[in-house]
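Subject: Structure handover

Hello,

Here is the structure you asked to take over. My notes on it follow below; please read them next to the model.

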Amino acid sequence: MVIGGTTPLMLAGCEDRLSALHPAGPAAALIATLWWVMLAGAAAILVLVLVLLALAFRRGGGPSAGDSRGEAVWIKGLGLGFTMTVLAALTAWGLWIGERLLPRPGPGVVAVEAQGRQWAWRFTYPDAPGRVTEGALHIPAGRPVDVRITSADVIHSFWVPRLAGKLDAIPGHVNVLRIQAWAPGEYAGLGAEFNGPGYRRHHFTVVAHDAAAWDAFLAGETP
Amino acid sequence: MSDILRLSLPLTVWIAAFSAVYGLEGVVCSDRWTGAGLTLGQGRAALVAAGALAIALQLALLAGLRLPRFASALPWVQRTAAILAGVALVATVWSLVPVVATSLCL
């Protein structure tokens, strides 16, 4: 009762700007679709189990002659067959989505570098040597961007919920995350892993530019 | 062979094989693999071979536990060991599928 009453209240405090369910790019859209399908599937299975439970209580009585056949249906068919089928389908689909999220080489891919530290994010741009931004990652809208993520101290997690999934920033190692924004705008990002007392202020903004503004940024004409 | 071993060996082998194959993937994707003059294609072949070995090991356990020489005197142990060996075989195939089916080192 308490959970049922308070959950909608707490969810009302969620913001679109940090919601993975309001995708603003292809990678986040794939992840959001997977989430919705899993939610719908889990809800349908829960309803099925509750209906079967209710039927079992209504039926009552002790064991009957048909119980060995029922065991085959309920335990082998629904308990094992149904469960394994659902898990296999979700695994296959998850692997397929995972493949589509990988940073494959291709035309028009932009590379940027992100370095996390306690408690800030520093961004550099191979296409504009010497250009450094703190707390704001600039990218072109409509183009795939490979973020080369590392850390200067402890392990952090780079996450822009509306653009892609999260990926760890590990000292001495570079992980590459493919992000893309459909349209110009600002998208909230954050360190998604607890990393000390300054964790709550460990966030940043992704600024997606149109083509002209991106060229201006690379040329150093905008801050 | 003790009954404890009959019951625990297949899933223990699965855990060990899982760790070994994904550990090998880490080695293949490290700089040291290419630094040793090996290619990613060879890395994939090594992973597939390791996965096939793990599956072969599970099949051997499944078949071996049915032999009179290794069978338990207790019927319930024999039945449970056979079920657990089957589960370990399925788990091995299931958890090693990504090694073959997905991209390597991206």
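Nine residues of chain A touch six residues of chain B in this model, which is predicted. The two chains bury about 660 Å² between them, and carbon and sulfur atoms account for 75% of that area. On the chain A side, the most area is lost by A:Met84, A:Leu95 and A:Glu99, which together make up 52% of what that side buries. Zero salt bridges were counted between chain A and chain B.

Over all chains, the search finds four salt bridges. Three of them are described here.

- A:Arg117 pairs with A:Glu134, with 3.4 Å between the closest N and O atoms. The pair joins distant parts of the chain, since A:Arg117 sits in strand β1 (residues 110–117) and A:Glu134 in strand β3 (residues 132–134), 17 residues apart. A:Arg117 is partly exposed because its relative accessibility is 27%; A:Glu134 is also partly exposed, at 45%.
- A:Asp146 and A:Arg178 meet at 2.4 Å, N to O. This pair again links distant parts of the chain: A:Asp146 belongs to strand β5 (residues 145–151) and A:Arg178 to strand β8 (residues 175–179), 32 residues apart. A:Asp146 has a relative accessible area of 12%, so it is buried. A:Arg178 counts as buried too, at 16%.
- In chain B, B:Arg6 forms a salt bridge with B:Asp3, the closest N and O atoms being 2.6 Å apart. The two residues are about one helical turn apart because they are three residues apart in helix α1 (residues 3–28) of chain B. B:Arg6 is buried at 7% relative accessibility, whereas B:Asp3 is partly exposed at 24%.

As for chain A overall, it has four helices and 10 strands. Of its residues, 31% count as buried. Among contacts between residues at least 6 apart in sequence, 64% join residues at least 24 apart.

One surface feature remains. A:Leu21, A:Trp35, A:Trp36 and A:Leu39 make a nonpolar patch with about 390 Å² of accessible area together. Of these, A:Trp36 lies in helix α2 (residues 26–59) and is partly exposed, at 46% relative accessibility.

Regards

Conventions
Residues numbered from 1 in each chain as written. Chains lettered and ligands numbered in written order. Predicted model: local features only at pLDDT ≥ 70, side-chain atom pairs only at ≥ 80, totals over all residues. Heavy atoms only, no water. Patch = residues over 30% accessible without salt bridge, like charges linked within 9 Å, V, L, I, M, F, W, Y side chains within 5 Å. Areas by Shrake-Rupley, 256 points an atom, 1.4 Å probe, with all protein chains shown as cover. Salt bridge = Lys/Arg side-chain N within 4 Å of Asp/Glu carboxyl O. Buried < 20%, exposed > 50% of the residue type's maximum accessible area, 1.4 Å probe, protein only. Contact = heavy atoms within 4.5 Å. Buried area = accessible area lost by both parts, 1.4 Å probe.
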